[in-house]
Each structure stands twice: as structure tokens, then as C-alpha cells.
Amino acid sequence: GIPMEIIVGKMFKLEIWETLLSSMRAGEVAEFWCDTIHTGMYALVSRGMRRIAEGRDPLEGQKHRCGMGNMFDYHSTGYDDLDELQRTPQPLIFIMELFRVEEPSAYKRDTWAMSKEEKLAAVPVLHSEGNRLVLRKEFGQAAAKYQEAVICLRNLQAKEKPWEDGWLKLESLVTPLVLNYCQCQLELGEYYEVLEHTTELLQKHNDNAKAYFKRAKAHAAVWNEREAREDFLRVAHLDPSMAAAVKKELKQLGERMRKKHVEDRKRYQGLF
């Protein structure tokens, strides 16, 4: 029920579709007969589109690898007719309706479709938009902006050799964005999300006091008292300027834990 978008020149899995659509006018409906040399990837494309139509994630259950690699792992698309088409490729007829054609400047590209230069230019804009949304306390929308900026940088990092200059330069941009994202998740009560991302960050940068501080707050929120205290103490050791904030958090943690122990005793007394 939703029109598909194709960016001409980005070589979608079925490259022939670009050729077909480029021959059409807006509002036209056309039928094309395509030989097997052009239709080999159709089963994988159709599987993803069917899952979307069913309200499912097209990558549900897959390993993080190409579609063909997943086919080798699972030996099936999940649809009998597509499995048969995969085994015995054949010519296909595509009926297409072209709804709209947009100029490149009018189209807001998804991050995956951006060039390296476009990704780098988008990051500070997304960072600024995230900060603006935080000031308005729209934490969910702000988190989405920070996350999109991180995705841009991670895509660029994947083309660099880990721990070399280019990779490190990008990593220095990723770190504050991840921390901002985690702060939004703290505000939204997504504490396990914070634990996951701060732990991943600290595996690379084990001297980042702000990451320990946010992880400590998340531990405290889910009643992991020992882990929270350890992280708060690391913060004070790494950054003495945060000692006052750590002292305040430890005091609040102690009060919350004492209150919880009292409530637990009352609850268990009622049971027995």
C-alpha cells in the first residue's frame, strides 16, 4: 500500500528497474518483459517487500550479511513460490506505475544513500537538531537525530582501518553523539538501552568518565547497586571535578536502596 522509492544511480538490487522507470513518464503505467539475466535477484527483493507488506521487519532473523549469504544459511526465502523461482530462474513480467519524479535537490536522502561528503555534512546538522530537541524536552525525537548521525559516522568508519587516523577522527565524533543518545534514553527510562551502549563505548574508551556516569545511573535505576557504586567511584577517580555530582548520586542511591529494603521486608512479611 506504500509506493516504493528508488534513487536512480544507486544500483538497487534489481538494477533493471532503474532502466525501466527511466523510460517512463509520470502517471504512466507500463508492462515490461525481462529475461532471466535481469531477474536473478527478484526472489530476495520480493521476500523483503512481502515482509514489509505483512508488517514485519524485512531483515527479521537474519545474520548481518548480504541477502545471498543468508540464503546459504537458511536455504529458503520463507515463501515456496520464491524458493522455486530461486531454483529455476525464469523471465518475469513487471507492471509498473510511475507516480512521481523528483529532482535530486528535492529528495531527502536516507543515510544509506548519501555519499561520504553528504554524510559528513549531515552529522553536525543532526547533532544541532538533536540538541535543539533536548532543550524542548523532546527526548525521543532528539535520540533519533543523534542515532542517525551515529549511523552516518559508523558507515564511514566501516571503510577505514580500525584505530588508524581516519578511524580515530570519526570515533571522536561518534563518542559525544552516543553519550547524548544515552542521556535521552535515561530521560525516557530506557535503562537497559543505556547499559548496552555505554558498555560498548567503554570497551573502546575505558577512561571516559561521562560514559561511566551514565552507565552508573542506569545501573542504579534497575537496582544494580554494586555495579552502580563501582561505576560512580570510577567517575570520581577519572574526573575529580565530578566528585560532588558522584557524592550526590551515591547518597540518593543509598536512600533508594534503604527504602527498597524496607518495602521488601514489608512485602515478605505479608506473604508469610
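Reply: Asp231 lies in helix α10, where helices are DSSP runs of H or I with at least four residues, strands being runs of E with at least two, numbered from the N terminus. The model is predicted, so local features need pLDDT of at least 70 and side-chain atom pairs count only at pLDDT 80 or more, while totals for chains, interfaces and linings use all residues. Residues are numbered from 1 along each chain as its sequence is written, and side-chain values use heavy atoms, with hydrogens and water left out.

Me: Is Asp231 buried or exposed?

Reply: The general idea is a threshold on relative accessible area: buried means under 20%, exposed over 50%, and partly exposed in between (1.4 Å probe, protein chains only). Asp231 has a relative accessible area of 1% and is therefore buried.

Me: Which residues is Asp231 in contact with, leaving aside its neighbours within four places in sequence?

Reply: Contact means heavy atoms within 4.5 Å. On that basis Asp231 touches Tyr212, Arg215, Ala216 and His219.

Me: Which residues are linked with Asp231 in a network of salt bridges?

Reply: A salt bridge is a side-chain nitrogen of Lys or Arg within 4 Å of a carboxyl oxygen of Asp or Glu. Here Arg215 and Arg234 join Asp231 in such a network.

Me: Where do Arg229 and Glu225, which also form a salt bridge, lie?

Reply: Both belong to helix α10 (residues 225-238), 4 residues apart, about one turn of the helix. Arg229 is partly exposed at 29% relative accessible area, and Glu225 is partly exposed at 25%.

Me: How many salt bridges does the structure hold?

Reply: The structure holds 13. One of them joins Arg50 to Asp81, with the closest N and O atoms 2.8 Å apart. Arg50 lies in helix α2 (residues 42-53) and Asp81 in helix α4 (residues 80-87), so this pair ties together parts that are 31 residues apart in sequence. Arg50 counts as partly exposed at 26% relative accessibility, as does Asp81 at 44%.

Me: Which distant parts of the chain does the salt bridge between Glu129 and Lys145 link?

Reply: The side chains of Glu129 and Lys145 meet at 3.1 Å, N to O. Glu129 is in helix α5 (residues 116-135) and Lys145 in helix α6 (residues 139-157), 16 residues apart. Glu129 is partly exposed at 24% relative accessibility, and Lys145 is partly exposed with a relative accessible area of 25%.
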